[in-house]
Amino acid sequence: MMTNSPIGILTPHGTFVATYSQTGLSRLEFPEKVAPPKKDPALTGLAKRWSVDGWKQAEGNYRNGLQDGRWKMWWDNGLLRSAVFMKSGNAEGAAKYWYKNGQFEKEGNWIKGKFVATAKWNEAGESIPVE
């Protein structure tokens, strides 16, 4: 299997980009029909990533081919996994993370490539010290 080989398809329902990786097939969906310009292949607009099994993995915006704005990711059970603000493809700003059981794990901010927690919880939902 080839890795990280994108396949782009423009359909009447939007643009879809399928990618293969070591974790399997993923599909990015751009519902606003944001076909990349011929001279600039960078994708811009809302994207949704689905697993090969059909569950939504992530949703957020791209600007000039880089993640930009609030990105959300989900666990395979449908519960929210993270909500992270992205800027030019990097985490920057407020972020929240959840355990697979739906309890908060931590929240804080990404600053210059480093996550700084402001609150943490264990899987039972009990507050734990921030280190």
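Accessible areas come from the Shrake-Rupley method with a 1.4 Å probe, and for residues only the protein chains shown count as cover. By that method the accessible surface of this protein comes to about 8500 Å². Carbon and sulfur atoms account for 54% of that surface. The model is a predicted one: local features need pLDDT of at least 70, side-chain atom pairs count only at pLDDT 80 or more, and totals for chains, interfaces and linings use all residues. Residues are numbered from 1 along each chain as its sequence is written, and side-chain values use heavy atoms, with hydrogens and water left out.

Start with the overall plan. The protein has eleven strands and zero helices. Both are DSSP runs, numbered from the N terminus: helices are H or I with at least four residues, strands are E with at least two. Along the sequence, the pattern reads β-β-β-β-β-β-β-β-β-β-β. Of the 131 residues, 31% are buried. Buried means under 20% relative accessible area, exposed means over 50%, and partly exposed lies in between (1.4 Å probe, protein chains only). Now take contacts, which are heavy atoms within 4.5 Å. Among contacts between residues at least 6 apart in sequence, 7% join residues at least 24 apart.

Next, look at how strands pair. Two strands pair if DSSP finds at least two bridges between them. Strand 4 (residues 45-51) and strand 5 (residues 56-63) are antiparallel and share six bridges.

Move on to the end of the chain. Strand 9 (residues 104-111) runs antiparallel to strand 10 (residues 114-121), and six bridges join them. Here G108 stands opposite A117 of strand 10. This hairpin has two residues between its strands, and K112 has a positive phi near 50°. Strand 10 also runs antiparallel to strand 11 (residues 127-128), with two bridges. K120 faces I128 of strand 11 across that pairing. Five residues separate the strands in this hairpin, where G125 takes a positive phi near 90°.

Where do the side chains of a regular strand point? They alternate between the two faces of the sheet.

Now pick out one tryptophan. W98 lies in strand 8 (residues 90-98). W98 is buried, because its relative accessible area is 13%. Leaving aside neighbours within four places in sequence, W98 contacts several residues, including W75, L80, F104 and E105. W98 and W75 are 23 residues apart in sequence, and their C-alpha atoms are 9.2 Å apart.

Finally, turn to charged pairs. A salt bridge is a side-chain nitrogen of Lys or Arg within 4 Å of a carboxyl oxygen of Asp or Glu. How many salt bridges does this rule give? The count is three. K56 and E59 form one of them, at 2.8 Å from N to O. K56 is partly exposed at 24% relative accessible area, and E59 is partly exposed at 23%. D68 bridges to R63, with the closest N and O atoms 3.6 Å apart. D68 has a relative accessible area of 17%, so D68 is buried. D76 and K100 also meet in a salt bridge, at 2.9 Å from N to O. D76 lies in the loop between strand 6 (66-74) and strand 7 (80-87), and K100 in the loop between strand 8 and strand 9, so the pair ties together parts that are 24 residues apart in sequence. D76 counts as partly exposed at 44% relative accessibility, and K100 counts as partly exposed at 39%.
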